[in-house]
Amino acid sequence: MLLRPNPARWRRAPLSVRSQSSEASGQAFRARCAPRTGVAVHARPAERAIFQTKRRGPGGLAPAAATDVFAAKDRRGGIMHWTPSRRRVLAALSASAAGLIGGTRGFAQEAPPETTTVRLTKIPGICVAPQYVAEELLKAEGFSDVQYVEVEAADVHAAFAAAKVDVSMAFVAPFIMQVDAGVPIMLLGGIHAGCFELFGTERVRAIRDLKGKTVAVPGLTSPHYIFLASMAAYVGVDPKRDINFVIYPGAESMQLLAEGKIDALMGFPPVPQELREKKIGHVIVSSGLDRPWSQYFCCIPAAHQDFIRKHPVATKRALRAIAKAANFCAAEPERAARLVADKGYRYDYSLQTMKEIQYARWRDYDAEDTIRFYALRLHEAGMIKSSPSKIITQGTDWRFFNELKRELKG
């Protein structure tokens with residue numbers, strides 16, 4: 001038989017009785033839910049307040065799935081941890097996208113993407129995390145088939161040339177070299193500055209000290225070599241004549257640096273994080289902290305010209321997903337790191353990367369200034385023939401990026 005409450009009796013009940021009844025009801029409810037949530041039913045009011053504060057977050061109430069890690073004391077005084085599943089993290093990302101990572105003005109007026117398939121790269125590096133985090137956002141933009149093409153870091157730009165990928169992030173300087181070589185790609189904007197770090201032994205304290213030294217890189221067409229060559233040229237060191245470059249994969253390079261058999265290496269996440277953890281070498285230059293490198297984009301998105309020409313709406317939608325994901329990496333580093341870890345990377349290194357790279361500042365940098373700066377460096381190093389103005393004219397398209405800057409002001 002269904003029992004209905006008596007509002008009159010409830011109003012007449014003394015305040016103390018009402019409070020006790022409410023507390024008893026709350027305890028019974030928590031007792032029923034405890035096995036599923038991992039929250040201790042006997043948590044003290046202060047602990048419950050912490051949990052409720054975490055659930056509310058800085059922007060108001062959020063679903064319980066948005067809580068990353070909650071700890072409460074169990075009956076023996078230990079700590080119970082609850083960590084979300086991948087499904088909960090993805091749900092939190094989708095639910096909070098509009099409020100947390102920017103508005104969607106203009107979204108409703110746009111036509112659907114001309115294609116439901118988009119191909120991005122998956123490389124050994126973590127710094128392009130926004131495009132991994134963007135998977136669910138890409139699906140929300142209308143891409144039902146989101147593919148990640150696995151390539152080595154040195155082969156990213158070649159994958160564009162071969163039309164194996166459609167839209168993707170990568171280091172800006174090799175993109176400029178591809179434009180100079182006539183490869184049909186377009187540079188579309190910028191996502192973040194500063195991910196490369198130059199590590200060395202005690203024999204190297206500055207870039208000029210690399211003169212006559214041995215430096216390991218994965219290849220002479222790799223972003224590592226190109227970035228270091230442009231840095232050397234900037235301070236008057238000829239990379240071809242003055243530095244002895246040797247070719248080794250990343251793991252072997254780190255071991256050689258630890259043994260003092262090489263003098264320096266250039267790395268991007270997760271290599272710097274691993275070097276610091278193992279206390280190998282010291283940082284000579286951080287492109288995220290040291291000028292002038294910290295003043296320009298490091299990784300930028302680009303697309304094949306055929307993809308842009310055939311799918312302009314899809315191009316903008318893909319860029320919007322990546323830009324929103326960059327904001328998410330900055331605002332929710334723990335959740336973003338969990339999504340990156342699901343792609344096969346270490347969670348702790350991913351979390352360090354989320355906290356070290358300033359993903360949310362993509363609006364603050366000028367993409368065209370970045371192209372001009374690196375084109376000058378590459379020209380000084382004898383690595384391209386085109387002038388910066390020619391590179392900008394032939395290989396850039398800022399329309400979509402400028403529209404997104406206006407739309408995603410949130």
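The following dialogue explains how to read several features of a predicted model.

Me: What kind of model is this, and how are its residues numbered?

Reply: The model is predicted, so local features need pLDDT of at least 70 and side-chain atom pairs count only at pLDDT 80 or more, while totals for chains, interfaces and linings use all residues. Residues are numbered from 1 along each chain as its sequence is written, and side-chain values use heavy atoms, with hydrogens and water left out.

Me: How many helices and strands does the chain have?

Reply: Helices (H or I, at least four residues) and strands (E, at least two) are DSSP runs, numbered from the N terminus. The chain has 19 helices and 13 strands.

Me: What share of the residues is buried?

Reply: Buried means under 20% relative accessible area, exposed means over 50%, and partly exposed lies in between (1.4 Å probe, protein chains only). Of the 410 residues in the chain, 52% are buried. Thr201 counts as buried because its relative accessibility is 11%. Thr201 sits in the loop between β8 (197–200) and β9 (214–217). Contact means heavy atoms within 4.5 Å; not counting residues up to four places away in sequence, Thr201 touches Leu257, Ile262, Asp263 and His282.

Me: Which residues have the most contacts inside the largest nonpolar core?

Reply: In soluble globular proteins, nonpolar side chains tend to be buried together. A nonpolar core is a set of buried Ala, Val, Leu, Ile, Met, Phe, Trp, Tyr and Cys residues joined through side-chain atoms within 4.5 Å. The largest has 109 residues, and those with the most contacts inside it are Leu138, Ile176, Leu198, Leu210, Met354, Ile371 and Tyr374. Helix α14 (residues 312–331) gives the most to this core, with ten residues. A second, separate core has nine residues, including Ala216, Met254, Ile262 and Leu265.

Me: How are α8 and α17 oriented where they pack?

Reply: Axes are lines fitted to C-alpha atoms, for helices over the stretch in contact, and angles run from 0 to 180 degrees between N-to-C directions. Angles under 35 degrees count as roughly parallel, over 145 as roughly antiparallel, 65 to 115 as roughly perpendicular and the rest as oblique. Helix α8 (residues 172–180) and helix α17 (residues 367–380) pack at about 75°, with their axes 10 Å apart; they are therefore roughly perpendicular to each other. Val172, Ala173, Ile176 and Met177 of α8 meet Thr370, Ile371, Tyr374, Ala375 and Leu378 of α17. Ala, Val, Leu, Ile, Met, Phe, Trp, Tyr, Cys and Pro count as nonpolar, Asp, Glu, Lys and Arg as charged, and the others, Gly among them, as polar. By class, this contact has eight nonpolar residues, one polar and no charged.

Me: What are the classes of the residues where α12 meets α16?

Reply: Helix α12 (residues 271–278) and helix α16 (residues 347–356) pack at an angle of about 110°, their axes being 9 Å apart. The contact of α12 with α16 has one nonpolar, three polar and five charged residues.
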